Amino acid sequence: MIRKYDKHDIEVVVSTWRRASELAHPFLTKAFLDQEDANMRNIYLAFAETWVIEIDGVVVGFIALIEDEIGGLFLDPDFHGQGLGRALVDKAVIQKGPLKVEVFKENIIGRRFYDAYGFRETEEFIHEASGQTTLRMNFAPA
């Protein structure tokens, strides 16, 4: 089930983000992840349109949208490969149409997902806060 994020979801959403981030982003420092944890709690979730996905009433992932951009798409690693990420992006496409996303070049998990979904690279740049090479990708539904 996909539903709108509620402020009561914050702990499970941030915990899911942290576990998935540590798996997909082993190249990021603990200090950077700690800062992003605070940003998730105090900035990102407050300004994004966020949807969560539940299995048996338990939140196992989310997508955060800022207009037509995916600001974050994270699943509990125990639920990777089950089509839940695709379901969340499908929901976003229905809501927004064409989408954009930025993904770290070294994020093999994220890149594999976005490539398989049909996103295409449009730009490469350095993410200032982390110093990591980042790819901007776009998706346009057929």
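**Exercise 1.** Find out whether aspartate 56 is buried or exposed, and describe its backbone.

Step 1: Aspartate 56 has a relative accessibility of 78%, so it counts as exposed (buried is under 20% relative accessible area, exposed over 50%, partly exposed in between, with a 1.4 Å probe and protein chains only).
Step 2: Look in the loop between strand E2 (49-55) and E3 to find aspartate 56; helices (H or I, at least four residues) and strands (E, at least two) are DSSP runs, numbered from the N terminus.
Step 3: Aspartate 56 isn't a glycine, yet its phi is positive, about 50°. Most residues other than glycine have a negative phi.

Before going on: this is a predicted model, where local features need pLDDT of at least 70 and side-chain atom pairs pLDDT 80 or more, while totals for chains, interfaces and linings use all residues. Numbering runs from 1 along each chain as its sequence is written, and side-chain values use heavy atoms, leaving out hydrogens and water.

**Exercise 2.** Work out which parts of the chain the salt bridge between glutamate 11 and arginine 41 links.

Step 1: The two side chains meet at 2.8 Å, N to O; a salt bridge needs a side-chain nitrogen of Lys or Arg within 4 Å of a carboxyl oxygen of Asp or Glu.
Step 2: Glutamate 11 is in helix H1 and arginine 41 in helix H2, 30 residues apart, so distant parts of the chain are linked.
Step 3: Both ends are partly exposed: glutamate 11 at 48%, arginine 41 at 31%.

**Exercise 3.** How far apart in helix H2 are aspartate 34 and lysine 30?

Step 1: Their side chains meet in a salt bridge, 2.8 Å from N to O.
Step 2: They are four residues apart in helix H2, which means a separation of about one helical turn.
Step 3: Aspartate 34 is partly exposed at 32%, whereas lysine 30 is exposed at 57%.
Step 4: The whole structure has 16 salt bridges.
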